[in-house]
Amino acid sequence: MLLPTTLVGSYPQPEWLIDRSRLASRLPPRIRAKELWRVAPDLLEQAQDDATLLAIRDQERAGLDIVTDGDARFDHDVGGMSWLQYPARRFKGLEGGDYYRARKGYGGATKGDIIFEVMESRVMPRCVDAIARGPLHYTATWKLAQGLTTRPVKFGTITPELIGTSIGNDHYANQEDLLADISDAMREELRELAGAGCPVIQMEEPNIHLIGIQRGGTGTGLGVDFFVKIFNNTVRGLRDTTEVWCHTCWGNPAQQRLFATNQSYKDALPHLNQLDVDVITFECCTSDGMDLELIGREITDKKIAIGVVNHRDLQVERPEQVADLIRRALKHIPAERLILSSDCGFGREGMSRRIAFFKMVSIVRGTNIVRRELGLPEAPCLAADGRYAIADVIE
């Protein structure tokens with residue numbers, strides 16, 4: 001498949017499923033999650049199935065080649081934090097809860113900053129015993145989604161290193177051992193998922209560009225080389241049975257960037273190129289493609305997925321804008337190695353389903369412009385099919 005299109009992961013959940021008015025609650029996550037659902041507990045599983053179907057159907061209507069389940073089963077936590085809380089609450093050995101400590105200078109660390117409010121809402125478990133695999137149910141979650149579509153469903157998960165650097169440790173002698181055991185437990189889960197037939201597994205945020213490079217490590221002596229080692233341990237052997245992706249971006253809590261200005265991947269690229277993956281995704285639309293030449297030069301033996309729509313901006317990109325960014329990428333990345341995506345998931349709070357949907361439509365329409373120019377087959381896009389327009393178009 002040349003120039004395939006996809007979404008990074010999350011898609012806005014239906015309003016009938018989630019009560020947005022309770023997003024700012026400071027209640028512990030398990031209590032808050034129960035209060036966020038608009039449906040009765042005995043109907044929740046069915047409602048989440050319906051939300052998954054809607055997310056997939058929207059992606060099919062837009063014309064995406066590779067779809068996701070939209071993270072429809074995650075609760076609507078503050079800043080989309082269930083992306084982190086879901087696995088962190090399910091590994092054996094993690095219990096209780098600590099309020100997260102906001103790091104100074106990391107997107108805002110004082111009251112009045114939106115990132116600070118997101119940090120205030122993070123009540124993370126502590127490690128109290130040896131880490132072991134728990135009830136993550138990744139295989140069942142993927143199977144339910146894949147059973148709703150003939151298109152490949154990409155399954156995404158947060159990386160173990162991001163979990164391990166966000167929790168307290170009362171059991172292990174050092175943080176390296178804690179992260180190594182989380183990595184081993186996650187690999188068990190992912191091996192089962194790959195063995196079940198999942199075509200794409202996406203590891204989200206390898207901690208290399210954000211902590212390893214931009215912040216010079218975690219403050220506990222863990223450097224970028226250690227994060228490369230942990231990432232590769234997690235995915236070891238997976239490429240024998242599935243395609244492995246690594247997603248990178250510059251943050252998406254409450255649909256905010258973690259830094260005041262656009263950041264460059266420059267220093268992280270040699271380390272990202274060491275990851276044992278088939279595809280690496282990069283946030284490129286937000287920065288107007290400023291790193292495209294560097295990415296094309298440094299990432300040598302992998303496919304490259306670039307974001308061509310901004311997940312933080314409510315303005316829907318025109319297809320012509322998307323096509324222009326793709327053309328510039330093709331100057332540095334061969335078409336057979338290029339994938340088109342969003343910069344990150346469309347999140348939980350700020351973006352409506354309608355805006356997210358039309359951003360996906362723009363990905364496909366813009367890609368079709370370039371496909372047409374290259375003589376490649378175009379993807380059907382029902383959302384842009386004039387035969388089904390209700391209003392007449394006046395020339």
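## The parallel sheet

Six strands, in the order β3-β5-β6-β7-β8-β9, form an open sheet whose pairing is parallel. Because β3 (154–158) and β9 (338–342) stand at the edges with a single partner strand each, one side of each is left without a neighbour in the sheet. On average, neighbouring strands of this sheet are turned by 25 degrees against each other, direction ignored. Helices (H or I, at least four residues) and strands (E, at least two) are DSSP runs numbered from the N terminus, and two strands pair if DSSP finds at least two bridges between them.

## Basis of the description

This is a predicted model, in which local features need pLDDT of at least 70 and side-chain atom pairs count only at pLDDT 80 or more, while totals for chains, interfaces and linings use all residues. Residues are numbered from 1 along each chain as its sequence is written, and side-chain values use heavy atoms, with hydrogens and water left out.

## Strand pairings

Strand β5 (residues 200–204) is joined to β6 by five bridges, and the two run parallel; Glu-204 stands opposite His-247 in β6. Strand β6 (residues 243–247) is mostly covered, with four of its five residues buried. Buried means under 20% relative accessible area, exposed over 50%, and partly exposed in between (1.4 Å probe, protein chains only). Three bridges join β6 to β7 in parallel, with Trp-245 opposite Val-279 in β7.

Val-279 also has a bridge partner in β8, namely Lys-303. Strand β7 (residues 279–282) and strand β8 (residues 303–309) pair in the parallel sense over four bridges. Five bridges then join β8 to β9, again parallel, and Val-309 stands opposite Ser-342 in β9. Five of the five residues of β9 are buried, so this strand is largely enclosed by the rest of the structure.

## Helix α13 and Asn-368

Asn-368 belongs to helix α13 (residues 353–374). This residue is buried, with a relative accessible area of 6%. Not counting residues up to four places away in sequence, Asn-368 touches Glu-378 and Ala-379, where contact means heavy atoms within 4.5 Å. A polar atom of the Asn-368 side chain lies 2.9 Å from the backbone nitrogen of Ala-379.

## Helix α2

At 1.5 Å a residue, the 19 residues of helix α2 (residues 44–62) should span 27 Å, and the end C-alpha atoms are 27 Å apart, which agrees. The expected span is 1.5 Å times one less than the number of residues. Just after α2, Gly-63 takes a positive phi of about 100 degrees.

The buried residues of α2 include Leu-44, Ala-47, Gln-48, Ala-51, Thr-52, Ala-55 and Ile-56. Asp-58, Gln-59, Glu-60 and Ala-62 are also buried. An α-helix has 3.6 residues a turn, so residues three or four places apart point the same way. The buried residues of α2 pack against α5 (138–146) and α13.

## The chain as a whole

The chain holds 13 helices and nine strands. Buried residues make up 58% of its 395 residues. Among contacts with a separation of 6 or more, 80% involve residues 24 or more positions apart. The chain exposes about 16,700 Å², of which carbon and sulfur atoms supply 50%; accessible areas come from the Shrake-Rupley method with a 1.4 Å probe, and for residues only the protein chains shown count as cover.

Conventions:
A polar contact is a pair of N or O atoms within 3.5 Å; within protein, one must be able to donate a hydrogen and the other to accept it, and residues adjacent in sequence count only if both atoms are side-chain atoms. Axes are lines fitted to C-alpha atoms, for helices over the stretch in contact, and angles run from 0 to 180 degrees between N-to-C directions.
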